[in-house]
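Visitor: I have a structure open and would like to go through it. Can we take it a piece at a time?

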Amino acid sequence: MSIPHDRPRATDRRVRVQGAPVDSYPALPPEADRGSVRRITVVGEEILNRPCRAVTRFGTAELSALIDDMFLTMYVAEGAGLAANQVGVDLRLFVYDCPDDHGIRHVGHLINPVLDQPDASHRRLIDDAEGCLSVPGAAMAVPRTDRAVARGFDKDGNPLVIEGTGYFARCLQHETDHLLGHTYLDRLSKRDRRDALRQMDDRYEDVLARREVKAAGLGH
């Protein structure tokens, strides 16, 4: 039986791992099972304020271990993405486990990312709440484009193109910003930045306590 051309295609709701759909995937990725929890850097630390170095050696045990640790650290902190400089490592790399606005889960890592965004005539900015694991406890509205394409490599040096819409597009932009030496605070007015830092001061200890509980629950 053929499908009429005027009938909309059903959305493929499978999990996307490294940009490709898979039939099944665990709640906790295998990287996290292998990883160890690392300390998350906090806004104001110098490593968050400068561009990261490009990864030049692929396929190493050290790179794989870093990705494993970043995945577990991200889950312990209840994040949707984490950049290497957020665990004190000066490399252009981030990991993510993030839904898009259709509820489709995207999981993976990206090395040496370059972000493509729509040109100005096709760009749609969305103001939505955004938080950061390095600004614990704070959330502020930040304008981001509703679509983004990130090009880079996996840990073995294979080229990747990761496309995101909605919240996942926001994640790709947020993490790429980190690797350029920026946090979302840099996109805020002075007044909103002060508000975000006040939120962090008020909630910092509670957030760290929650992370400790989560780490213990995962056996770390």
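Predicted model: local features only at pLDDT ≥ 70, side-chain atom pairs only at ≥ 80, totals over all residues.

Visitor: Start with the largest nonpolar core. Which residues touch the most other members?

Guide: That core has 26 residues, and Leu66, Met70, Phe71, Leu82, Leu93 and Val95 touch the most other members.

Visitor: Which helices and strands each supply at least two residues of this core?

Guide: Strand 1 (15-17), helix 2 (61-76), strand 4 (93-99) and strand 5 (105-116) do. Helix 2 gives the largest share, nine residues.

Visitor: What does leucine 93 touch, if residues up to four places away in sequence are not counted?

Guide: Its partners include Leu63, Leu66, Ile67 and Met70, as well as Leu82, His109, Ile111 and Leu179.

Visitor: And what is in the second core?

Guide: The second core is separate and has 14 residues, among them Ala150, Leu160, Ile162 and Phe168.

Visitor: New topic. Where is asparagine 85?

Guide: Asparagine 85 sits in the loop between strand 3 (81-83) and strand 4.

Visitor: Is asparagine 85 buried or exposed?

Guide: Asparagine 85 has a relative accessible area of 0%, so it is buried.

Visitor: Which backbone oxygen lies 2.9 Å from a polar atom of its side chain?

Guide: The one belonging to histidine 178. With neighbours within four places in sequence left aside, asparagine 85 is also in contact with Thr41, Ile47, Leu48, Cys52 and Leu179.

Visitor: What about alanine 84, buried or exposed?

Guide: Alanine 84 is in that loop too, between strand 3 and strand 4. It counts as buried because its relative accessibility is 0%. Beyond its neighbours within four places in sequence, alanine 84 is in contact with Met70, Val89, Leu91, Leu93 and Leu179.

Visitor: How many disulfides are there?

Guide: A search of the whole structure finds zero.

Visitor: Last one: is cysteine 171 buried or exposed?

Guide: Cysteine 171 counts as buried, because its relative accessibility is 6%.

Terms used. Residues numbered from 1 in each chain as written. Heavy atoms only, no water. Core = buried A, V, L, I, M, F, W, Y, C linked by side-chain atoms within 4.5 Å. Buried < 20%, exposed > 50% of the residue type's maximum accessible area, 1.4 Å probe, protein only. Helix = DSSP H or I, 4+ residues; strand = E, 2+ residues; numbered from the N terminus. Contact = heavy atoms within 4.5 Å. Polar contact = N/O pair within 3.5 Å; in protein donor to acceptor, adjacent residues only side chain to side chain. Disulfide = S-S within 2.5 Å.
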